[in-house]
Amino acid sequence: MTNKSSLPTLMDSFKKAISEQHARMEALPFISALTNGNLPLESYVGLLRAMATIQGTLEHELVQVNSRDIKAVLLDRPSRLIHLRKDLSKFDQEFIPDIKAALTQALKIAELIRRYRVEQPTDLLGILYVLEGTTLGNAVHLRDVLNSFGSKTGGTAHYYAGYGKETARYWQKFCDAMNALPIDQEGCKRLVQVALDFFDQLETLFSALYPLDNAVMIFTANMLNPEAGDHAVPTNVEEIKAAVTAAKKCRKEFPYFDERYQERGRSFAKSDTAWLATLVELPETLL
């Protein structure tokens, strides 16, 4: 009879399985360029937007799962989406276009996460494992990010800083909660496979973000609000700026919007107003 205590824990299984994928990610041109200080600003901002789309989708789907076990894993865990929003706010006035291939891949991953929640909610824990692991992995490159882009961000990089001095403590709490899940060996294998598949998806994303030699750059709703998808916005940057200014004036005129919808509402005010600006190009018969 097998001694249950001698079996590898869920986190041990994850760690063993992803070592090759992790090494492959670190060898990608994106990481090399970041380390060498050659990464374009468009690639860095593109990463923040893509991760905001992915993280935002995951957090939205997780809170809808009616599972005590999953809620235990999430207990007292700060939102990584908030970190990403803070970083992206530093580039609000830059109006940097999206990298089309990276946006497409981020939206593909978001759709995959939504499908997991419907078909097999526990699979979301495999995604969460990878994303929580970035709080450790990103710390290695925090100095690279600050060296390259710190002058534009006021010396901050919340996403790469993880949970700051609390990172190790939160990671240990996460490990303990994951290992306490009532998951058998088959369930463990399934979660590990979800994590491996997610790494493959991230590798495609990072490859789309850099190099940019043949990249198609476009203005999208995503550049204004990573949770808005890719609906139409003006193709002229001056029109986009005007739409954002109009959204700001509307919020100032009606403070109720900010009080009720807060940060998420402020983001959607920009992307929704930009969409409204595209309606002037429609024939009057359609308006």
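Is Y129 buried or exposed? Y129 is buried, with a relative accessible area of 6%. The legends below refer to a predicted model.

**View 1**
Y129 is a residue of helix α7. Its relative accessible area is 6%, and buried means under 20%, so Y129 counts as buried. M11 lies 118 residues from Y129 in sequence. In space, the two are 8.7 Å apart, C-alpha to C-alpha.

**View 2. S13 in helix α1.**
S13 sits in helix α1, which covers residues 10-26. S13 has 17% relative accessibility. The cut-off for buried is under 20%, so S13 counts as buried.

**View 3. Helix α2 against helix α7.**
Helix α2 spans residues 29-36, and helix α7 spans residues 124-153. They pack at an angle of about 65 degrees. Their axes are 8 Å apart. Angles of 65 to 115 degrees count as roughly perpendicular, and α2 and α7 are therefore roughly perpendicular to each other. From α2, the contact involves I31, L34 and T35. From α7, H141, D144, V145, S148 and F149 take part. By class, this contact of α2 with α7 has four nonpolar, three polar and one charged residues.

**View 4. The largest cavity and its lining.**
The model has one cavity of 30 Å³ or more. The largest cavity has a volume of about 60 Å³. Its lining includes G46, R49 and A50. D98, I99, A102, L103 and A106 line the largest cavity too, as do L209 and N222. Which elements each supply at least two residues of this lining? They are α3 (41-62), β1 (98-99) and α6 (100-119). By class, the lining of the largest cavity has six nonpolar, two polar and two charged residues.

Terms used: Residues are numbered from 1 along each chain as its sequence is written. This is a predicted model: local features need pLDDT of at least 70, side-chain atom pairs count only at pLDDT 80 or more; totals for chains, interfaces and linings use all residues. Side-chain values use heavy atoms; hydrogens and water are left out. On a 1 Å grid over the protein atoms alone, a cavity is a set of points where a 1.4 Å probe fits but cannot get out, and a pocket is an open set with protein on both sides within 12 Å along at least five of seven lines; lining residues have an atom within 4 Å of a point. Grid points are joined across faces, edges and corners, and a volume is the space filled by probe spheres set on the points. Helices (H or I, at least four residues) and strands (E, at least two) are DSSP runs, numbered from the N terminus. Ala, Val, Leu, Ile, Met, Phe, Trp, Tyr, Cys and Pro count as nonpolar, Asp, Glu, Lys and Arg as charged, and the others, Gly among them, as polar. Axes are lines fitted to C-alpha atoms, for helices over the stretch in contact, and angles run from 0 to 180 degrees between N-to-C directions. Angles under 35 degrees count as roughly parallel, over 145 as roughly antiparallel, 65 to 115 as roughly perpendicular and the rest as oblique. Contact means heavy atoms within 4.5 Å. Buried means under 20% relative accessible area, exposed over 50%, partly exposed in between (1.4 Å probe, protein chains only).
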